[in-house]
Every structure is written in structure tokens, then in C-alpha cells.
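Here is a short briefing for a reader who is new to this structure. Please look over the sequence and the model before reading on.

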Amino acid sequence: MGESPQSVERVECPGAADEACPSAELTELLQRWNALASGFRELTDELLAEAQREVGLPPSSLEVLCYLVTAPGQAAPMRLLAQTLGFSTAGTTGVVDRLADAGFVERRPSSSDRRVTYAALTPLGRETATTAAKVFAEAVRRRVVEPLGEEGFMSFTRAFVTLGIVDESCAGAAESS
């Protein structure tokens, strides 16, 4: 893995007294934020890599399958997939194309809006997505929930709800598990 975000040397701006340089307090806040963002990305990459080793699909495909297996009707508009997973439109199209070629998903037109296309799991996709979801969830449980404890994980979840990043149903689902 790369250098741990916590081990990055703190360096002051060359002209710290200069108005063009951020204050020490601002610098520390941004360094802490960068470490959190980097750590979250690294943890997600590690969890996906673990699932990739067991399921044999690339991380982007695993993200799509794990999302679809929990979506209503096990289908989602392509635009929502891109937005939720942080993929570009072209990237989402590419991943869905590969999953469709492998028989895991199919494209379905929306019954109410001809401009909208859904990616939907096929029976093979549902089976593969269920396996992937179990592997990924177990990795999350072992690497995140167990070290933080149930209450720590709930606090983490509630923080995202408070910040408006996820909706209230996420906290409710976590509290009922």
C-alpha cells in the first residue's frame, strides 16, 4: 500500500507569515481532511480488492453488482448508477457493457420515460451479485464494524446522515441490523 496518510510529514507554508499562505490551523484541518479522504478511498479499494480475489470481477463491476442487488427491483437507471458510484457516464456505460456481455445485467427501457435506460440484474447476475455482496459485506464487518464496534459504526453512519451525504433510511437500516 502507499504511505499512510497519518505518517505524512507536516510542512509549513514557506512564507507562513505571508497572507497567501494558509494559517497553521487551516493547514492542520486540511491535512486531517486529506488523510480521512485518502484513508476512506484506500479502505474501499482494499475491501473491493478482497472481493475481487474471491469473486474474480474487477472492482467497478463489483460496485455495480453490489449496488444493483440492493436496489428496488434489482435495477437502476444508468444515470443513478453513475451518480451513486461516482463513475463518469462513459465509465458507467463501459462497466454495464462488460457486465451485459458477460450475462450479468441487461438494459431495460423505462416504462415511463423513453430517455431513461435501466441496468437490471439477470438471474446469473443476481447469483453473482449475491455472492459478491456477501463477500464484500463480510469484509466490511471484519475490517470496519468489528474494530469500531456496533456503536462506533452507528456513529459513523449517523455522521454521514447528519452531513446530508446519505439519507435517514441508511441509519435506520444500520440500527435494525
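**Briefing**

L121 touches L65, L68, V69, Q74, F104, V105, R108, R126 and A129, leaving aside residues up to four places away in sequence. The model is predicted. Its protein chain holds 6 helices and 3 strands.

**Overall layout**

- From the N terminus on, the elements run α-α-β-α-α-β-β-α-α.
- The protein chain has 177 residues, and 29% of them count as buried.
- Take the contacts in the protein chain with a separation of 6 or more: residues 24 or more positions apart account for 44% of them.

- In soluble globular proteins, nonpolar side chains tend to be buried together.

**F104, a buried loop residue**

- F104 sits in the loop between α4 and β2.
- Its relative accessibility is 11%, so F104 counts as buried.
- F104 touches L57, L65, L99, A120, L121, T122, L124, G125 and T128, again not counting residues up to four places away in sequence.
- F104 and G125 are 21 residues apart along the chain, yet their C-alpha atoms are separated by 3.7 Å.
- L65 is touched by F104, and L65 is touched by L121 as well.

**The sheet**

- In what order do the 3 strands of the open sheet stand? The order is β1-β3-β2, and the pairing is antiparallel.
- β1 (75-77) and β2 (105-109) stand at the edges. Each has a single partner strand, so one side of each is left without a neighbour in the sheet.
- From one strand to the next, the twist averages 30 degrees.
- Helix α4 (residues 89-101) packs on the sheet and touches β2 and β3. The direction of α4 makes about 115 degrees with that of β2.
- β1 and β3 (residues 117-121) run antiparallel and are joined by 3 bridges.
- A76 stands opposite A119 in β3.

**Helix α1**

- α1 has 32 residues.
- From its first C-alpha to its last, α1 reaches 46 Å, close to the 46 Å expected at 1.5 Å a residue.
- The buried residues of α1 are T27, A35, E46, L47, L48, E50 and A51.
- What do the buried residues of α1 pack against? They pack against α2 and α5.
- G56 follows α1, and the phi of G56 is positive, near 85 degrees.

**Salt bridges**

- Side chains of opposite charge can pair when their charged atoms come close.
- The count comes to 7 salt bridges.
- D97 has 33% relative accessibility and so counts as partly exposed. R107 has 36% and counts as partly exposed.
- R115 is at 73% relative accessibility, so R115 counts as exposed. D113 has a relative accessible area of 21% and is partly exposed.
- Is E151 buried or exposed? E151 is exposed, with a relative accessible area of 52%. R158, at 29% relative accessibility, counts as partly exposed.

Terms used
Residues are numbered from 1 along each chain as its sequence is written. This is a predicted model: local features need pLDDT of at least 70, side-chain atom pairs count only at pLDDT 80 or more; totals for chains, interfaces and linings use all residues. Side-chain values use heavy atoms; hydrogens and water are left out. Two strands pair if DSSP finds at least two bridges between them. Helices (H or I, at least four residues) and strands (E, at least two) are DSSP runs, numbered from the N terminus. Axes are lines fitted to C-alpha atoms, for helices over the stretch in contact, and angles run from 0 to 180 degrees between N-to-C directions. Contact means heavy atoms within 4.5 Å. The expected span of a helix is 1.5 Å times one less than its number of residues. Buried means under 20% relative accessible area, exposed over 50%, partly exposed in between (1.4 Å probe, protein chains only). A salt bridge is a side-chain nitrogen of Lys or Arg within 4 Å of a carboxyl oxygen of Asp or Glu.
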